[in-house]
Amino acid sequence: MSAPVLEVTTQVAAAVDAPETAWGDRFAERTRRVTSSAIRELLKLTERPDVISFAGGLPAPEVFPLEQIQAAARRVLEDDGAKALQYSTTEGDPGLRELLVRHMERYGIRVGIENILITTGAQQALDLIAKLLLNPGDRVGMEAPTYLGAIQAFSAFEAQFLTVSMDDDGMRLDELEAVLRSGPKFLYVLPNFQNPSGVTLSLARRRRLVELAAHYGVPLVEDDPYGQLRYEGEHLPPLVVLDAEYHGCAQGERSLHGDVIYLGTLSKTLAPGLRIGYIVAPAEVIRRAVQLKQSADLHSSTLTQRIAAETARGGFLDRHVRLIRAVYGARRDAMLEACGRHFPPGVHWTHPQGGLFLWATLPAGVDTTELLKDALAQNVAFVPGAPFFPRGGGQNTMRLNFSHATPALIEEGIRRLGAVLARRLGS
Ligand SMILES: Cc1ncc(COP(=O)(O)O)c(C=O)c1O
């Protein structure tokens, strides 16, 4: 199976690639900006059952809380079934939003339920934000590489991209200032265990980013699907909290000054099939986003919101996050150790402190899309890095997912990949 983000690519690309019919002239201009993916056919092959795939961004099905969700669904349908199957408010289930308020407080984010809009996954949040803020041709600042689903969501609203490259501490500040100065509509940032690079933005850089964004009057969109999945080191305060501190919002008050829109999701902490994400923002932003969401889907599924709230309550979500951390932390260790054992000299890789991904960089001139063919011949797969760079580049990079395969399969898959790399690099 490929990652949700890659499925999005596949669907869009399929439409673009279809033989020209009368429909070719009927599609809106914006659809032409979503281009076909050269690696699409290759990624289909990663779905073969004999392939050890590090290509997807999938959570491990073993950690889905199946029994708890089953029991919660039964309780919801027995106790309040008619309401759970009825239309409901666009803002989202109040019980779920209350629960998220309490949950986020444990990570330092203090908001009220009027600051939360439940979305159909964080992916819908990205789409709504683009719809809310972007006019055709507007600039969006972002890390390079960055999340493919965000590139796609913003491209559909005809954004132009300004990129900031990264090192082991996240965005490079020297490039950041130039981007902020050139007037983007917003800056999209993934501070924790970034998808795809696995890199975390350091505390010093977070503070400086907030300061610079305030100086240039650029709002931040902070996408944080992985922040709770930390396997080593200290939790770092989210940008939304640092922004409130910077503007002098006292401790104990709401940690929402207003210049950061924060995005969360239950996809990585409960299950992605629930399709529950959330936007945290000033009430004014939420009200506007609610109007736009109405035209998209009226509201996210009443039933899954109720089931998620029922599953998560009573401290279950926190306990479950601890279990996921233990499982994924061991898989991350397995991948890091295997890379150390099997990758030839000249290959560099990140040391993610959390999340789902590790990022490898090969010597300049090696094309990982080409390399994927060799890897597939050995029944192992990864995602070539180039599509994650909105302005090109990254041909010698690859993303490796460590959440989905077991430690034993990780060892075997990285051994095969190491042999493919050694052959290509002649070592
Ligand atoms: C950075 C990032 N943002 C958003 C999403 C979308 O998540 P959701 O399942 O909540 O739509 C993903 C999913 O992989 C992601 O990696």
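Buried means under 20% relative accessible area, exposed means over 50%, and partly exposed lies in between, using a 1.4 Å probe and protein chains only. Helices (H or I, at least four residues) and strands (E, at least two) are DSSP runs, numbered from the N terminus. This is a predicted model, in which local features need pLDDT of at least 70, side-chain atom pairs count only at pLDDT 80 or more, and totals for chains, interfaces and linings use all residues. Residues are numbered from 1 along each chain as its sequence is written, and side-chain values use heavy atoms, with hydrogens and water left out.

**Helix H13**

Start with helix H13, residues 368-377. Its buried residues are Thr368, Thr369, Leu371, Leu372, Ala375 and Leu376. Where do they sit around the axis of H13? They fall within an arc of 145° when seen down that axis, so they line one face of the helix. The arc is that of the directions from the helix axis to the C-beta atoms.

Now look at the two ends. At the start of H13, a side-chain oxygen of Asp367 comes to within 2.9 Å of the backbone nitrogen of Thr369. Just after H13, Asn379 has a positive phi of about 60°.

**The ligand**

Thirteen is the number to remember: there are 13 residues around the ligand. Here, near means that a heavy atom of the residue lies within 4 Å of the molecule or strand in question. Ala122, Asp223, Tyr226, Thr265 and Ser267 come nearest. Helix H5 (residues 121-133) gives the most to this shell, with three residues. By type, the shell has five nonpolar, five polar and three charged residues. In this count, Ala, Val, Leu, Ile, Met, Phe, Trp, Tyr, Cys and Pro are nonpolar, Asp, Glu, Lys and Arg are charged, and the others, Gly among them, are polar.

| Residue | Part of the residue | Distance to a ligand oxygen |
|---|---|---|
| Ala122 | polar backbone atom | 2.7 Å |
| Asn195 | polar side-chain atom | 2.8 Å |
| Arg275 | N or O atom in the side chain | 2.8 Å |

Taken alone, the ligand exposes 390 Å², and the protein buries 96% of that. Accessible areas come from the Shrake-Rupley method with a 1.4 Å probe; for residues, only the protein chains shown count as cover.

Most residues other than glycine have a negative phi, and most peptide bonds are trans. Arg275 has a positive phi, near 55°. It lies in the loop between S8 and S9. Arg275 is partly exposed, at 34% relative accessible area. Leu298 also has a positive phi, near 65°. Leu298 sits in the loop between helix H10 (283-297) and helix H11 (302-312). Its relative accessibility is 42%, so it counts as partly exposed.

Which peptide bonds are cis? One joins Ala144 and Pro145, with omega about 5°. Pro145 is in the loop between strand S3 (139-144) and helix H6 (148-155). Another runs from Asn195 to Pro196, with omega near 20°. Pro196 is in the loop between strand S6 (186-189) and helix H8 (203-216).

Contact means heavy atoms within 4.5 Å. The contacts below leave out residues up to four places away in sequence.

Asp318 lies in helix H12 (residues 316-342). Is Asp318 buried or exposed? Asp318 is buried, at 17% relative accessible area. Asp318 is in contact with His103 and Arg106. A polar contact of 2.7 Å joins the side chains of Asp318 and Arg106.

Lys268 is in the loop between strand S8 (260-265) and strand S9 (277-280). Lys268 counts as buried because its relative accessibility is 15%. Lys268 touches several residues, including Gly57, Pro225 and Leu356. Lys268 and Pro225 are 43 residues apart in sequence, yet 6.8 Å apart in space, C-alpha to C-alpha.

Leu132 belongs to helix H5. Leu132 is partly exposed, at 25% relative accessible area. Leu132 touches Val285, Arg288, Ala289 and Leu292.

Conventions
A polar contact is a pair of N or O atoms within 3.5 Å; within protein, one must be able to donate a hydrogen and the other to accept it, and residues adjacent in sequence count only if both atoms are side-chain atoms.
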